[in-house]
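Please look over the two chains shown below.

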Amino acid sequence: MSIVKAVYEALVKVINFYVLVRDKLSPGWSTKNSSRVKEWKLMAYAFSKSKIGVLGGMIVFVVTLLAIIGPLLAWEPYWEYKVVEDPELWYHPPCIPPWCSGYPLLGTDEWGRDIISLSFYGFRISFVISLFVVFLGAPLGILLGLVAGYKGGLIDEVIMRLTDIFIAFPGLILAIAFASVFPQRIRAFLEANTLLRDFLSFIFGLRPNEYAQLAAILSVWVAMVIVWWPGYARIVRGSVLSVREQPFIEAAKLVGLPTRKILIKHVLPNVLSPILVMMTFDLATATLFAAALSFLGLGPQEPVPELGYLISKAGNFFPERTAHIVLYYGTILLVIALGWNLLGDALRDVLDPRTRRSIEFREGG
Amino acid sequence: MGLTTFLVRRAVTFVPTLLGVLLITYLIAYAVPTDPVRAWVGEKLMNPERLQEIREKYRFDRPWYEQFAFLVSELLSGRLEDPVRQRNVFTELFYRFPITVEVALIGFIFLVLIGIPLGVLAAVKKDSFIDFFVRIFALTGSSLPAFVLYYFLILGFFVYTHTTYLAGIPYPTQTCRDWIGSLPTTYPYVGNFISAIGSVPMFGAAMCGEWFVVADTFKRLYLPGLALGLLNGGFIARIVRNSLLDALGSEYVLFAKARGLKKLRIWRHVLKNAMIPVVTVLGINFGGLLSGAVIAETVFNIPGMGRYMYDSITRLNFPAIIAATFLFAIIYIVTNLVVDILYAAIDPRIRY
């Protein structure tokens, strides 16, 4: 009960802060949008009542935090191969203090690197890739879906045929094709652009001279964006088709608003909630998909500690020496994806007005 | 609109989709900065004459659209050759695809056996423990990295208990395969159809009555199937549950109850109406399975379509890539069509 209250109060604080900022930026905003703010608070309450959602939110919060500070926490640089100095470190088994000492807690990988320290880097890479994919793929799909649904006619036909082509294509195959084709090109580009290279390596928590591996990560990412947008285009188009016929769109047209404004201010907010839910679920799918691509050897290679790649390497000595490694990295992936999925499952109930109304609302909490 | 007009309209819209898929595949492949011919020939047989011969054969001295037109025309006339394995691509596809069909079928059986009963249970006992369990099962299934699950299934079912094996694919005996191969000549038309079905090793063995091969196939392939059931079964169960609840809460059920219809009759109506979203998802799932699961085939060592595609891409084997993509696109189109037709069969209100 106390958790429900705490979560609700925290969310209300965030909403109040947002209202304060908006009010400072454009005076009178809060009075004009009071009903909308009330709706948000209702959503916050409904969300705080959902145990699954609160658990998912907590996981996502911790994962985000770990992804941000992960590479700073890692106590061993991932490019140091300690096995050169001490051959004992080659896949050293877990070392739990009372029985054994002097070696890492969960053992080491083939290069003698501490598995736990290594996983912090992997956290960052997986997290950033999934964010990049969803936050680039979704807007692209949304834009195309909006235009197709609103304009209709030939434009609609062309965009939807294009969407069909990309959906008819098995996603993994397209991604494999891209991942095997793109790295060479992106690599040359990164070699030339020092600034971009430094920026990207900072974001992924890697060294700047790892640009060959950065190119591989980027190609995985480009491939996934291309696979990702058609789903959004389809869903958005479907909802736009029904919104388009509503009287308020007619009114906006009569007032003489430009199409761009109608689409962004009047159509988009009305189709947004299923998209938000889908994006949350897709963050989980994208994390797993990126890991699967690296598992197949299409992502970054040595020495970049991408979780999927680390698992595929550990798989070579499965199960005698590496069962715990596969289990540990697998659990990390599971937890990241589970956090997003739990959150998405709760958001679906919260953002849907029909189910939200059924959750009793107490004013003020 | 009658069924024929519907089919014709569908066929017309599918042609550009099919060509578009092929074109995009080709353009992606064309963007590779390295020389594919060298990758095809390999180090051992590399000599200038041979390279030149292959270059001319596949029109590498011509602009890209001529190469593409050449590939597509060869593909449609069935003469396209896989330059790496040096035999017709269709020979290769006819070897790989039946195996993928087997894997997909067994996986599908697990999916249905796990998904539908769980979904019905969750709907009947809504908000109970089992409902909550199905929800968690679905969420965990979609959050599990597939390859990690595969590893631990292999650990449990192969390394420790030896209930399966991970090498080779069971085939019917040579006499049986010869008999199936001779069917088209003895019985024209019908024989072609039967021999196509018989090309799936499991079905072929069943036709000859070699049941031990069928049993062996199940023993070999139940593990990837079980994995699929564990990963996607919860998702299917959730869809079954939600559509059942939608149907149970609708007005015709209330009316049927008011009229005093028997429970069994009411359930018949409910099931028929609830089946539509379930059929869609299952159909699309099956279509996806037929394109081969690259990761499952890699971990479980199955020579299916996914593995073939992966090997072809990493060796820049364009003709094989084009042929496999063509097959995938056709599978996608056919599954969508079958799903649409099934709608009409299930729900008499839907007519084309």
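The report starts with confidence and then turns to chain A, the interface, chain B and the backbone.

**Basis and confidence**

This is a predicted model, in which local features need pLDDT of at least 70, side-chain atom pairs count only at pLDDT 80 or more, and totals for chains, interfaces and linings use all residues. Residues are numbered from 1 along each chain as its sequence is written, while chains are lettered from A and ligands numbered from 1 in the order in which they are written.

The model scores ipTM 0.87 and pTM 0.88. pLDDT is the predictor's confidence in each residue, on a scale from 0 to 100. For chain A the average pLDDT is 86, and 96% of the residues score at least 70. For chain B the mean is 85, with 97% of residues at 70 or more. Within chain A, helix 13 has the highest mean pLDDT of the elements, 92. Helix 14 (residues 353–357) of chain A has the lowest, 69. Where pLDDT is low, the predicted coordinates should not be read in detail.

**Chain A**

Chain A has 14 helices and zero strands. Helices (H or I, at least four residues) and strands (E, at least two) are DSSP runs, numbered from the N terminus. The C-alpha atoms of chain A fill a box of roughly 75 × 55 × 35 Å along the principal axes. Of the 365 residues in chain A, 45% are buried. A residue is buried if 20 or more other C-beta atoms lie within 10 Å of its own, exposed if 12 or fewer, and partly exposed in between, with C-beta atoms placed from the backbone.

Take the contacts in chain A between residues at least 6 apart in sequence: 73% of them join residues at least 24 apart. Two residues are in contact if their C-beta atoms, placed from the backbone, lie within 7 Å.

Helix 12 (residues 307–315) and helix 13 (residues 323–351) of chain A pack at about 160°, with axes 9 Å apart. Axes are lines fitted to C-alpha atoms, for helices over the stretch in contact, and angles run from 0 to 180 degrees between N-to-C directions. Helix 12 and helix 13 of chain A are therefore roughly antiparallel. Angles under 35 degrees count as roughly parallel, over 145 as roughly antiparallel, 65 to 115 as roughly perpendicular and the rest as oblique.

The crossing of these two helices is left-handed. A crossing is left-handed if the near helix is turned anticlockwise from the far one by less than a right angle, and right-handed if clockwise. Helix 12 of chain A brings A:L307, A:L310, A:I311, A:A314 and A:G315 to the contact. Among their partners in helix 13 of chain A are A:I325, A:Y329 and A:L333. By class, this contact has nine nonpolar, two polar and no charged residues. Ala, Val, Leu, Ile, Met, Phe, Trp, Tyr, Cys and Pro count as nonpolar, Asp, Glu, Lys and Arg as charged, and the others, Gly among them, as polar.

**Where the chains meet**

Across the interface, 34 residues of chain B are in contact with 35 residues of chain A. Which helix of chain B gives the most to the side that touches chain A? Helix 1 of chain B does, with seven residues. That side of chain B has 26 nonpolar, eight polar and no charged residues.

**A helix pair in chain B**

Helix 6 (residues 129–143) and helix 11 (residues 211–248) of chain B pack at about 135°, with axes 7 Å apart. That makes helix 6 of chain B oblique to helix 11 of chain B. Their crossing is left-handed. The residues of this contact divide into seven nonpolar, five polar and two charged.

**Backbone details**

Two cis peptide bonds and two positive phi angles are listed here.

| Site | Feature | Value |
|---|---|---|
| A:E302 and A:P303 | cis peptide bond | omega about -10° |
| A:F318 and A:P319 | cis peptide bond | omega about -5° |
| B:Y189 | positive phi, not a glycine | phi about 65° |
| B:N301 | positive phi, not a glycine | phi about 60° |

A:P303 is in the loop between helix 11 (259–295) and helix 12 of chain A. A:P319 lies in the loop between helix 12 and helix 13 of chain A.

B:Y189 sits in the loop between helix 8 (174–186) and helix 9 (190–198) of chain B. B:Y189 counts as exposed because it has 8 C-beta neighbours inside 10 Å. B:N301 is in the loop between helix 14 and helix 15 of chain B. With 14 C-beta neighbours inside 10 Å, B:N301 counts as partly exposed.
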